[in-house]
Amino acid sequence: MAYDDSLSFVYFGPTKIIFGSGSSTGELESEMSALGCSRAVVVTDQGIIKAGLSEKIIKTLGEKCVGVFSDVPQDTGIDVVNRGAAFAREKGADIIISIGGGSVIDTAKCICILLTEGGSLANYEGIQLLTRPQTPHIVIPTTAGTGSEVTWIAVVYDKDKGQKILIVESYNAPRAAILDPQLTLGLPPLLTASTGMDAMTHAIEAMTSMQREPIADAMALHAIRLLSDYLPVCIKDGGNIRARGQVQMAATMAGWAFGNAMVGLVHAMAHSIGAVARVPHGVSCGIMLPYCMDYNIGDGEPETIAIYAAIAQALGVSKRDDEPGSAAMAAVQEIFDLLRKIGHPLKLSELGVTEEDIIKAADLSIADGAIVNNIRYVTGKDEVLEIYRRAL
Amino acid sequence: MATHKAFTQEWLDAWKQKIAGSQEYKEIAKEWEGSVGLICNADPSKNIPNPVYLFTDYWHGDVRDFLVCDETKVQTAKFIMTGDYARWKQVAKKELDATKALMQGKLKLKGDLTYVVRNVKTINKVIDLLTEVQTVWPDDV
């Protein structure tokens, strides 16, 4: 699993992490003060409010919370961001605090840009167009999977274009993420399983990306160890705060890993089947992961096999001296076993996906940006369709 | 083989000719629509006293305008890529992968990133063809 002479990379991970049970209320004010801020707008969604996850946090902030913007849907859009930015501007916010999952966090990231730069969000579609730090943003995630709390990518739907746009800005990475495992205690088993497998996919795909690098690999390997050990515990005992915390840290580390090294074929296929058949992202990642691992190993490249052998060690199913090919295949088997253990769907057909859907999704997958980073070169849609068929 | 000074109209014409003459490019780029503006930031220490603006236009395997232009024209491009001279030179000599340069923030991109990434083969081919143009770089003079 060595790196070749041409290795050249940039590792970026500026977000401060504050971890601990109760940290979302105990540490927030001091983190806000440390950033020199005193007027927070909280960005969240109705589900979080109904679940009572934001109430204590908002109460803790007292007068430092100048408003709550809770109008964030599951897939956010430019119109939502514009409304949120107008609200925050009207309230005189000097910091945004997001409480929620990926959509809430992405909305908050984009609000920060509009608060600092003004104008239209569409002007910032692209990579690294900003030239200065943006409005401070503290993230308090309520799920453990997306890794959005440490990435500097935001995805929002542009109604005018009829597509999602990507805004990739290192100046807009959240300043701090407060990981409070108490906030994930109420996650139901299937959501725990699917968000956990999203994180596992981030970790494994970061290691098998063309842009893999040693620091991201280190993050990914430890994330794999923690997820492998503690995701099943979270499913068995959702109230186990220790296990919840391990999974939360793993998701954040996997976020750093893929934020730097990118993702590959699993994400290309998950995005596509999600678009065609509305399969939730985490679930489609979990189902596709072992099939794509098997496909990548099928290339027979010693480097690829060595990486999967290292993954097998992190999964606890292989030792350092084991024959690499067998170890790599043990990793695939272990992911299948993990899916069974956590009650995760194993086949796309369990989600109502049809042959017609996978034919459409294969077309989309081959044009998905993530596929270019996959360690095995995917030659065409027939190869992708074959993988889908195995997972159907 | 003729050599051309980088960032001149003659250099762009030679590059355009290479692309237009490539059957492989025509096949790879059949899905690509739209212009790409390239901005090289000024670097007087490398003999780039002012920013350089280039406008290159591609359409379903064909090549259209390839122009040294001004800032106003470059801003009309569908995609705009900006970088320091040293980065552009590395990319043009294939010492730095263009996608990696974008992801690592070594080049900036204004426009639809997903479109660019999924058409990465087109971009790589265009750069491959640039390496076939005998180039004299401003700091090598």
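Four bridges link strand β2 (residues 40–43) of chain A with strand β4 (residues 95–100) of chain A, and these two strands run parallel. Here V42(A) stands opposite I97(A) in β4(A). Strands and helices are DSSP runs numbered from the N terminus, with at least two residues (E) for a strand and at least four (H or I) for a helix. Two strands pair if DSSP finds at least two bridges between them.

This is a predicted model, in which local features need pLDDT of at least 70 and side-chain atom pairs count only at pLDDT 80 or more, while totals for chains, interfaces and linings use all residues. Residues are numbered from 1 along each chain as its sequence is written, and chains are lettered from A and ligands numbered from 1 in the order in which they are written.

**The parallel sheet of chain A**

The β2–β4 pair of chain A belongs to an open sheet of six strands, ordered β1-β9-β6-β4-β2-β3, with parallel pairing. β1 and β3 (65–69) of chain A are at the edges with a single partner strand each, so one side of each is left without a neighbour in the sheet. On average, neighbouring strands of this sheet are turned by 20° against each other, direction ignored. Angles like those given below run from 0 to 180 degrees between N-to-C directions, and axes are lines fitted to C-alpha atoms, for helices over the stretch in contact.

Which strands does helix α5 (residues 78–90) of chain A touch? The helix packs on the sheet against β2, β3 and β4 of chain A, and its direction makes about 165° with that of β3(A). Helix α9 (residues 241–261) of chain A lies across β1 and β9 of chain A, running at about 155° to β9(A). Contact between two residues is counted if their C-beta atoms, placed from the backbone, lie within 7 Å.

**Two domains in chain A**

Chain A is assigned domain 1 (16–183) and domain 2 (188–391), with bounds that come from an automatic or database domain assignment. Their C-alpha centres lie 27 Å apart. How many residues meet between them? Domain 1 of chain A brings 17 residues into contact with 19 residues of domain 2 of chain A. On the domain 1 side, β1 (16–19) and β9 (176–179) of chain A each supply at least two residues. That side divides into eight nonpolar, eight polar and one charged. In this count Ala, Val, Leu, Ile, Met, Phe, Trp, Tyr, Cys and Pro are nonpolar, Asp, Glu, Lys and Arg are charged, and the others, Gly among them, are polar.

| Helix pair | Axes come within | Crossing angle |
|---|---|---|
| α8 (214–236) and α12 (302–315) of chain A | 8 Å | roughly 40° |
| α1 (9–20) and α7 (120–131) of chain B | 9 Å | roughly 120° |

α8(A) and α12(A) are therefore oblique to each other. Angles under 35 degrees count as roughly parallel, over 145 as roughly antiparallel, 65 to 115 as roughly perpendicular and the rest as oblique. The crossing of α8(A) and α12(A) is right-handed, a term used if the near helix is turned clockwise from the far one by less than a right angle. In this pair, L221(A), I224(A), R225(A) and S228(A) of α8(A) meet A310(A), I311(A), A314(A) and L315(A) of α12(A). These contact residues are six nonpolar, one polar and one charged.

In chain B, the crossing of α1(B) and α7(B) is also right-handed. W15(B), K18(B) and I19(B) of α1(B) make the contact with V126(B), L129(B) and L130(B) of α7(B). By class, this contact has five nonpolar, no polar and one charged residue.

**Where the chains meet**

Chain A and chain B each give 16 residues to their contact. On the chain A side, β5 (126–127) and β8 (163–168) each supply at least two residues, and β8(A) has the largest share with three residues. The chain A side has nine nonpolar, five polar and two charged residues.

A sheet also runs from one chain into the other. β5(A) is joined by two bridges to strand β6 (residues 108–110) of chain B, and the two run antiparallel. G126(A) stands opposite K110(B) in β6(B). The open sheet has eight strands in the order β7(A)-β8(A)-β5(A)-β6(B)-β5(B)-β2(B)-β3(B)-β4(B), and its pairing is mixed. At its edges stand β7 (153–158) of chain A and β4 (62–69) of chain B, each with a single partner strand, so one side of each is left without a neighbour in the sheet.
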